[in-house]
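Work through the exercises below with the sequence and the structure open. Try each task before reading its solution.

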Amino acid sequence: MSDQKHVTEMDPKEAKKEIEENEVVEIVEPSPNQAKLDRLVDLVKSNIAEDAVEEAYINELDRDLPSIVIRSPYWLKTAMMLKESETLKLNYLRNVSGIDYETYFEVVYYLLSMSTDNQQDICIKIKADREDPSIPSVTSVWNTANWNEREIYDLLGIQFPGHPNLKRIMMPEDWEGHPLRKDYEPIDPEV
Amino acid sequence: MIRTEELLLNVGPQHPSTHGVFRIIVKLDGEVITEATPVIGYLHRGTEKLAENLTYTQVIPYTDRMDYVSAMTNNYVLCHAVETLMDLEIPERAEFLRLIVMELQRIASHLVWWGTYLLDIGAMSPFLYAFREREMIINMFNELCGARLTYFYMRVGGVKWDAPEGWIDKVRDFIPYMRDKLDEYEQLVSGNEIFLARVKGVGKYDAQTAIDYGLSGANLRSTGVKFDLRKNQPYSIYDRFEFDVPVQTEGDCYARYLVRFEEIKQSLRILEQAVEQFPEDGKIMAKVPRVIRPPEGEVYTRIESPRGEIGCHIVSKKKPQPYRLKFRRPSFVNLQILPKLLVGETMTNLVTILGGIDIVLGEVDG
Amino acid sequence: MKGIVKGMGVTLKNLTKKKITYQYPDVPLQMPDRFRGVQHFDPEKCIVCNQCMNICPTECIDLVGKKNPDPEKKGKVIDTYDINFEICILCDLCTEVCPTEAIVMTNNFELATYSRDDLFKNMEWLNDNNTNVRKENSINLQPKSIPSKAKKEVK
């Protein structure tokens, strides 16, 4: 709710209108987190590889959250670097979500540092192909990822090479298909 | 010739001390656990999949059923996420009502934990004491929103019901009553030698491990990490109230017990200030379009539920239904540490450690 | 030993206190007015707008409308109206959207039966369920302050 530059106005006659367009006022100044994002991108580029960062942006809707998209082959190395890095120390993985965008998959990691005073969330996204999706596992870096990656494997069918025990966790072992995929058709609709 | 053999023991899925349908397969060497494999998913209802075909308002009753011991905070995290996406301003009175019910819910949830935890480790009567007080909170909720467990009280933009007349006074009267009862609890249990012998030094882990496993709530604070989302990343109107974040450093089951016990007292402190500052009048709903279509984008909001950090990740495509809705369920994340804690412990300590983590299976399985 | 003795003291003190348990099936349980119990349905008021069916998160409402038998009048009247209480979660959304308060909540909650089939309630049953009807139903029609009622809290 601290998002001041992004003002949304509501049409008062909302009862009449079915749909309401949210009027977005132009963003004049850059986000206060832009510098943080730039530093993060520089760090990844200089330590990992020039082409490791696919995209970097500020998510204004989510309180100016710095978000970067990492290319999947570099992910494990980047994860280790982010955790060990003296300035960032992103040692707390708070959430992992998998999303099916129909043409590709995306896994989103929300990270936080518990060691530094500057507790800034960072959002990291990895994309995976729709056919044979695979993203390197980061369970060796953050143990939180263990069950979360299993859940994503179970419900979305994304492989996590390097995971110690990649088995179904919510659905039974012999379940067919991955329910959270957008094109999922249950074999037995009665279940 | 005496020969020992490894014993494979299946605990659950139906077992009173697992607090739901949770199964754990333990390998035993005598009485000592050598390996533990939790099996979950018995209560998986596919909330996230169901939500993709429901409007945001329709998803809220489903969140009631996730962490059914703490439905109010679940309601809030979803509403908060949608409100953040839409950049809605919530009326003052609604924010106060939300805060009051969330803190009452925290007390109710901790009371359930306190009662059942002691029941797990062999003390029968604390359970009855705790549920006596919890009943009062539930009666207050019942009067406010018409349900005793699945409240469905909050809506995107505010709350459904205004406080009935005299309700705030009931909350006000409840605070000294509960303080009095807490003293009674302390006399009843906190000094009990048998209880102390069961929990002190059991299920120990350090701050590094807790952070590595992504623990949150009392599980994290019992290791000395002072991290409470109400303080560190304030949401709602928590920044207006004075309260402490209880921290212990030992990281054992006793430390977690003390942290949760102290949290009840802190919640009472917040409630005391909230009923004093409660606005006389005002709206309880913001201006919300009839069909809620948040702008295209992504948001992750997190709040402090009684069990830890509950988060809600929404991917919106400007439709009335969420494109993807993911809940970060604290019980699910906190439970991961269990197999690590159990190795080397005796079978009797399994119940102590599992109860100390404080899980709700509806939330673990999603 | 000291701690245990102290705890026993609390137990002894509570022994003499008044009982707080409630003799539920023998003494009926009074629920507050806002309680969300089994719905009451009034076919006379229904205008077959289908809003309750559409808002229901579990799709437990089935309704069919028919043309108004009175040729003078426009619109539809309700023909059949069923709620499946196997899946109804009593979330209150149907009564919230109903523009005419044809469907309202009651304070009745005892639904236990010996057969699942009995949980399928039709229009007649819902119409007959007309006791303890909730007084304030629509969120839009909600009065500013609610007159205080007799104390309902279980002591």
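**Exercise 1. Find the element that holds Asn142(B), decide whether Asn142(B) is buried or exposed, and list what it touches.**

Step 1. Asn142(B) belongs to helix H5 of chain B. Helices are DSSP runs of H or I with at least four residues, strands are runs of E with at least two, and both are numbered from the N terminus.

Step 2. Asn142(B) has a relative accessibility of 1%, so it counts as buried. Buried means under 20% relative accessible area, exposed means over 50%, and partly exposed lies in between (1.4 Å probe, protein chains only).

Step 3. Leaving out residues up to four places away in sequence, Asn142(B) touches Ala147(B) and Arg148(B), and in chain C Met31(C), Pro32(C), Arg34(C) and Phe35(C). Contact means heavy atoms within 4.5 Å.

A note on the model: it is predicted, local features need pLDDT of at least 70, side-chain atom pairs count only at pLDDT 80 or more, and totals for chains, interfaces and linings use all residues. Residues are numbered from 1 along each chain as its sequence is written, chains are lettered from A and ligands numbered from 1 in the order in which they are written, and side-chain values use heavy atoms, with hydrogens and water left out.

**Exercise 2. Locate Phe152(B) and Lys89(A), and state the phi and the accessibility of each.**

Step 1. Most residues other than glycine have a negative phi, and most peptide bonds are trans.

Step 2. Phe152(B) is not a glycine, yet its phi is positive, about 50°. Phe152(B) sits in the loop between helix H5 (125-145) and strand S6 (154-155) of chain B. Its relative accessible area is 1%, so Phe152(B) is buried.

Step 3. Lys89(A), which is not a glycine either, has a positive phi of about 50°. The loop of Lys89(A) runs between helix H2 (75-84) and strand S5 (92-100) of chain A. With a relative accessible area of 26%, Lys89(A) is partly exposed.

**Exercise 3. Describe helix H3 of chain B and its packing against H4(B).**

Step 1. Check the length. The 16 residues of H3(B) should span 22 Å at 1.5 Å a residue, and the end C-alpha atoms are 23 Å apart, so the two values agree. The expected span is 1.5 Å times one less than the number of residues.

Step 2. Check the cover. H3(B) is mostly covered, with 16 of its 16 residues buried. After H3(B) comes Asp87(B), which has a positive phi near 55°.

Step 3. Describe the packing. Two packed helices are described by the angle between their axes and the distance between the axes. For H3(B) (residues 71-86) and H4(B), the angle is about 145° and the axes are 8 Å apart. Axes are lines fitted to C-alpha atoms, for helices over the stretch in contact, and angles run from 0 to 180 degrees between N-to-C directions.

Step 4. List the residues. From H3(B), Ala71(B), Met72(B), Thr73(B), Tyr76(B), Cys79(B) and Glu83(B) meet Glu95(B), Arg98(B), Val101(B), Met102(B) and Gln105(B) of H4(B). They divide into six nonpolar, two polar and three charged. Here Ala, Val, Leu, Ile, Met, Phe, Trp, Tyr, Cys and Pro count as nonpolar, Asp, Glu, Lys and Arg as charged, and the others, Gly among them, as polar.

**Exercise 4. State how many residues the largest nonpolar core has and which element gives its largest share.**

Step 1. A nonpolar core is a set of buried Ala, Val, Leu, Ile, Met, Phe, Trp, Tyr and Cys residues joined through side-chain atoms within 4.5 Å.

Step 2. The largest core has 178 residues, and those with the most contacts inside it include Trp75(A), Ile100(B) and Tyr153(B). Its largest share, 15 residues, comes from helix H4 (residues 92-120) of chain B.

Step 3. Another core lies apart from it and has 22 residues, including Cys52(C) and Tyr81(C).

**Exercise 5. Summarise chains A and C, and say which pair of chains shares the most contacts.**

Step 1. Chain A has three helices and seven strands. Of its 191 residues, 53% count as buried.

Step 2. Chain C has four helices and five strands. Of its 155 residues, 41% are buried.

Step 3. Two pairs of chains are in contact, and chains A and B share the most contacts. Chain A and chain C do not touch, and their nearest C-alpha atoms are 12 Å apart.
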